Amino acid sequence: VLDYGGTAAVVLVLVAWLLLSAANQFAHLQPKIGRWDRFALVPVWTFFAPRPFTRDLDLLVRDQSAAGDVAGWRLLTTHGRALRHLVWHPSCRGNKAIVDVCAELLQSISANPEHDASVLVSYRVLESYVRKTPGRRDVALRQFVIVRSSGYSFPDGLQVLLVSPFFSLV
Amino acid sequence: MSAAQATTLSLYLVSVAIGLDSLEALAARDNYRVGIYSSDILAGVTGLPAARLVQRYPAALAIPLMLIALMLGAVLLPDARPEMIGAALIAHVSRLRYFPLGLAGFDQMATIILGGLLLADAFPGTLVANAGLGFVSAEACLAYFTSGAAKASSADWRAGRAVVGILNTRAYGARLPGRLLRAAPRLGLLLDWATILFETGFPLAVLLGGPILIVWLCVGVLFHLGVSATMGLHLFVWTFGATYPILLYVSGHLIGSGV
């Protein structure tokens, strides 16, 4: 059993946590709170609002061999719905991670269009991931692209948002 | 519902959520080996010296394995429950710290529930226990209300374009329901407004308690099952569902509406 001071301290922490949670629902406060929230303790509960997620973001890569042959684009984001996703959906988190990093990169570029995108953390995370992705055996160079598509009408209405230069995998 | 029943039921449900999430992390272990979590940059972003060790494959699989063991321990070993929940809480927030990509609302709700359950289990029958359970309830009400209010402020949601738009994406949609909603725009409008009303009305239902709260929670279960079936967000069923026994207890005993 906690004494009076201990009880008061616990209640104070919970009240502070709740107040921070309430404050974090306002978009203009999220960057300030997020800077200190290293353990993702303070939630954002707005879920698909005010702007609902109505267009897909996809990450694609293509390889170039040492001889100069360029392969077709490969989709790295995996989508699609199956009944088993009601109870088992292992690809959900990894896919969301890729889409989140792509969205963050596009947002950073949009906020500072004159800056070099390749120095951004989100760009470097994506490039590092793309670099490790298995590909053809004779691959020498790789390139990635972020596209926006209108969901199930893909590839109709495809919008190319970012194209990386080819980079060496050696 | 008593506090002990509410915490036990909530623990079972959140254990399923964390256990499933951890099993899925193990099943998708390529994410840590060559996938998005294998990025060398990630260690630099999170900054802590331990990050480079924890994030390296196969060490990265230690946290999901630990979480499975700890949640099983919390369910199967009632005498060691507070210790197990406390350790699971540390492992869970460590995972959010070291692998901060692709996080979702159920991750944070799981943190909140584990925190509330820890207090309720370690100090049963005290003000601290009730504060923990009250905190979980308040966060659940905040979650639903904020989500509903944000939707009500959106022209897309008010005009009935949101659910149809979301269900027509490949990331969060499904081909058949998407096509159905495209063909029946009034159904889309109805679903958008039903979501807004259900979510914004949630705190009021908790305050009113009794049969109204029971109805609201039943609708909540159907809502999360529908979201799971169509959008693939199945872990919300378990994490947000884990707040429901606590909400019944808090509404009945702390707010005093007598469920």
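Are Arg95(B) and Asp21(B) buried or exposed? I looked up both residues and found them buried (under 20% relative accessible area; exposed is over 50%, partly exposed in between, with a 1.4 Å probe and protein chains only).

I noted the conventions before going further. The model is predicted, with local features needing pLDDT of at least 70, side-chain atom pairs pLDDT 80 or more, and totals for chains, interfaces and linings using all residues. Residues are numbered from 1 along each chain as its sequence is written, chains are lettered from A and ligands numbered from 1 in the order written, and side-chain values use heavy atoms, without hydrogens and water.

I then checked salt bridges (a side-chain nitrogen of Lys or Arg within 4 Å of a carboxyl oxygen of Asp or Glu). Arg95(B) forms one with Asp21(B), at 3.0 Å from N to O. This pair joins helix 6 (residues 81–98) to helix 1 (residues 3–27) of chain B, 74 residues apart; helices are DSSP runs of H or I, at least four residues, numbered from the N terminus. Arg95(B) also meets Asp107(B), at 3.1 Å. Asp107(B) lies in helix 7 (residues 105–122) of chain B, so this second pair ties together parts twelve residues apart in sequence. Asp107(B) is buried too. I recorded a network linking Arg93(A), Asp21(B), Arg95(B) and Asp107(B).

Asp138(A) is partly exposed at 39% relative accessibility, and Arg136(A) is partly exposed at 31%.

Notes
Helices (H or I, at least four residues) and strands (E, at least two) are DSSP runs, numbered from the N terminus.
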